[in-house]
Amino acid sequence: MLYAIRQIFLKGGTIKDAIAYVVKQTGNMPTKSEGMKIINMYQDIQKDTAKIIQFPKDIITNPFKPFKK
């Protein structure tokens, strides 16, 4: 179940979405320890995605187009 919750966060989901998923799967609200795991996972993923740097699109060239000097 943690893998599925991680995928929710990677696709831009929120903690509320993850809790809704747990309720749908188990029929119960997550326990306090499960809730803390969900929150910690969300925070870890937010830290990791903040490190992504977008490469400038004007530097990328088409490898199939001849290079002009």
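**View 1. The elements of the chain run α-α-α from the N terminus on.** This overview shows a predicted model whose chain holds three helices and zero strands. Of the 69 residues of the chain, 14% count as buried, and the accessible surface comes to about 6100 Å², with 60% of that area belonging to carbon and sulfur atoms. When contacts between residues at least 6 apart in sequence are considered, 42% of them join residues at least 24 apart.

**View 2. Helix H1 spans residues 2–10 and includes buried residues.** Ile 5, Ile 8 and Phe 9 are the buried residues shown here; they lie on the same side of H1, because the arc they cover around the axis is only 95 degrees. In an α-helix, residues three or four places apart point the same way, since there are 3.6 residues a turn. Just after H1 comes Gly 12, which takes a positive phi of about 100 degrees.

**View 3. Phe 55, Ile 59 and Ile 60 make a nonpolar surface patch.** The patch has an area of about 320 Å². One of its residues, Ile 60, is found in the segment after H3, and Ile 60 is exposed, because its relative accessible area of 53% is over the 50% cut-off.

**View 4. Confidence in the chain is highest in helix H2 and lowest in helix H3.** Helix H2, residues 15–26, has a mean pLDDT of 92, whereas helix H3, residues 32–50, has a mean of 86. For the chain, the mean pLDDT is 84, and 87% of its residues reach 70 or more.

Technical notes:
Residues are numbered from 1 along each chain as its sequence is written. This is a predicted model: local features need pLDDT of at least 70, side-chain atom pairs count only at pLDDT 80 or more; totals for chains, interfaces and linings use all residues. Side-chain values use heavy atoms; hydrogens and water are left out. Buried means under 20% relative accessible area, exposed over 50%, partly exposed in between (1.4 Å probe, protein chains only). Helices (H or I, at least four residues) and strands (E, at least two) are DSSP runs, numbered from the N terminus. The arc is that of the directions from the helix axis to the C-beta atoms. pLDDT is the predictor's confidence in each residue, from 0 to 100. Patches are made of residues with over 30% relative accessible area and no salt bridge: like charges are joined within 9 Å, nonpolar side chains (Val, Leu, Ile, Met, Phe, Trp, Tyr) within 5 Å. Accessible areas come from the Shrake-Rupley method with a 1.4 Å probe; for residues, only the protein chains shown count as cover. A salt bridge is a side-chain nitrogen of Lys or Arg within 4 Å of a carboxyl oxygen of Asp or Glu. Contact means heavy atoms within 4.5 Å.
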